[in-house]
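Subject: Handing over a structure, with notes on what was found

Dear colleague,

I am passing a structure on to you, and I would ask you to open it first and keep it in view while you read the notes that follow.

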Amino acid sequence: MLRNKPMMMFLFGLPLLQCTLYNLAIGRDPEGLKVAIVNGELKHGLKDCSQYPLTGCNLDLPLSYQYIGNQLRKDLITSFVDFLQGIYRDCNWPTQIADIPIKIEDPVYGPRNPSFIHFASPAVVIVFEFYLPMMFTVGVIIQEKVAGILERSMAAGLTALEIVAAHSIVQAVVLCVQTAVMIIVMYHVFDSPFIGDFYWTTGLLLLQGVCGMCYGFLVSVSSDSMTTASMLGLGSFFPLSLTSGMVWPQEGMHTILKSVGWLLPLSLSTEAIRALTARGWSINHPTVYYGYISTIIWIFLFILLIRLVIKFRGLRGK
């Protein structure tokens with residue numbers, strides 16, 4: 001690794017690049033959109049506009065330039081209420097009559113108008129934490145298998161457990177650097193919400209990285225070539241990321257998918273990170289410690305599967 005400087009630059013630069021591109025390209029409000037309105041209420045088009053006064057109580061003029069405008073805005077109800085209150089105010093009527101019978105206060109968590117980029121940020125961090133160690137592990141192990149380094153090491157007396165432990169120690173250092181880079185870029189440079197406990201959040205991210213590392217070992221011992229390992233890794237990327245709540249919350253998924261989606265490695269941990277960073281919940285909350293429990297269970301499950309695959313394929317060592 002020390003001799004392969006381009007690979008090390010890639011490992012440490014990839015999280016920086018991915019987090020930066022995500023914050024610059026995903027989830028931001030569109031700007032500079034051109035909108036044209038076709039309204040058939042005016043028989044002679046814009047010529048009729050001069051016949052209508054711009055102020056005062058005029059209930060006979062077409063009021064729909066406003067209805068269409070409200071459809072283009074995010075907050076339909078609030079905008080339309082403001083429009084009606086303006087009419088009531090011009091006519092000297094009580095504006096309370098035009099309002100909805102519910103007073104909407106400021107939300108407990110987050111801003112009144114939340115953005116998609118802040119909703120998806122925790123899931124993006126979790127996905128990166130899982131797949132970057134996984135792909136790095138796959139690349140290193142497969143490269144050693146193809147070059148014959150792994151077989152020579154085991155022939156010299158190393159066991160499979162010792163090889164896994166050695167790779168885990170080295171990759172743990174890389175994982176810590178990658179985690180630090182992602183936290184700085186996501187929550188400091190681009191100012192995503194982070195009001196929770198730093199240590200519990202970092203601990204869960206590192207555990208998720210270990211889980212991805214274990215999954216990478218499983219893919220590595222199950223594959224004989226980089227092509228097979230890449231297909232296994234990338235083939236599982238989209239199902240796991242899409243069902244983790246990154247693009248759409250699990251509450252809005254199909255009932256069948258929602259019933260099994262929470263069992264996947266990234267689902268509960270994503271909700272836990274979102275609860276830690278955006279809501280400030282502690283480890284005592286079920287959403288948070290469920291994320292920890294799920295990640296730990298998947299780590300041990302991957303370790304068990306690695307051991308079974310090694311025994312099944314006849315590799316030496318315990």
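A residue is called buried when its relative accessible area is under 20%, exposed when that area is over 50%, and partly exposed in between. By that rule Glu271 is buried, because its relative accessible area is 18%. Please keep in mind throughout that this is a predicted model, and that every value below was computed from it.

To begin with the overall picture, the protein chain has 11 helices and zero strands, and buried residues account for 38% of its 318 residues.

Salt bridge

Side chains of opposite charge can pair when their charged atoms come close. The count of salt bridges in this model comes to one, and it joins Glu271 to Arg274, with 2.9 Å between the closest N and O atoms. Glu271 and Arg274 both belong to helix α10 (residues 267-279), where they are three residues apart, so about one helical turn separates them. Arg274 counts as buried, since its relative accessibility is 6%.

Aromatic pairs

A pair of aromatic rings is described by the distance of the centres and the angle of the planes. How many aromatic pairs does a search of the whole structure find? The search finds 10. In one of them, the ring centres of Phe194 and Phe198 are 6.5 Å apart and the planes stand at 40 degrees, so this pair is tilted. Phe198 pairs with Tyr199 as well, and here the centres are 5.5 Å apart and the planes stand at 80 degrees, which means that the pair is edge-to-face.

Elsewhere, ring pairs link Phe130, Tyr131, Tyr215, Trp298 and Phe302 into a cluster.

The side chain of Thr295 reaches the backbone oxygen of Gly291 at 2.8 Å. If neighbours within four places in sequence are left aside, Thr295 is in contact with Leu204, Leu207, Gln208, Cys211 and Ser269.

Gln85, for its part, has its place in helix α3 (residues 76-90), and it counts as buried because its relative accessibility is 16%. Leaving out residues up to four places away in sequence, Gln85 touches Thr95, Ala98 and Asp99.

Cysteines

A disulfide is a covalent bond between the sulfur atoms of two cysteines. The structure holds zero disulfides. Among its cysteines, Cys19 is buried, with a relative accessibility of 0%, whereas Cys176 is partly exposed, with a relative accessible area of 43%.

Backbone angles in two loops

Most residues other than glycine have a negative phi, and most peptide bonds are trans. Asn92, which is not a glycine, has a positive phi, near 60 degrees. Asn92 is found in the loop between α3 and α4 (116-147), and it counts as exposed because its relative accessibility is 69%. Asp191 likewise has a positive phi, of about 60 degrees, although it is not a glycine. Asp191 lies in the loop between α6 (160-189) and α7 (198-222), and it is exposed, with a relative accessibility of 56%.

Key:
Residues numbered from 1 in each chain as written. Predicted model: local features only at pLDDT ≥ 70, side-chain atom pairs only at ≥ 80, totals over all residues. Heavy atoms only, no water. Phe/Tyr/Trp six-rings, centres within 6.5 Å; stacked < 30°, edge-to-face > 60°. Polar contact = N/O pair within 3.5 Å; in protein donor to acceptor, adjacent residues only side chain to side chain. Contact = heavy atoms within 4.5 Å. Salt bridge = Lys/Arg side-chain N within 4 Å of Asp/Glu carboxyl O. Helix = DSSP H or I, 4+ residues; strand = E, 2+ residues; numbered from the N terminus. Buried < 20%, exposed > 50% of the residue type's maximum accessible area, 1.4 Å probe, protein only. Disulfide = S-S within 2.5 Å.
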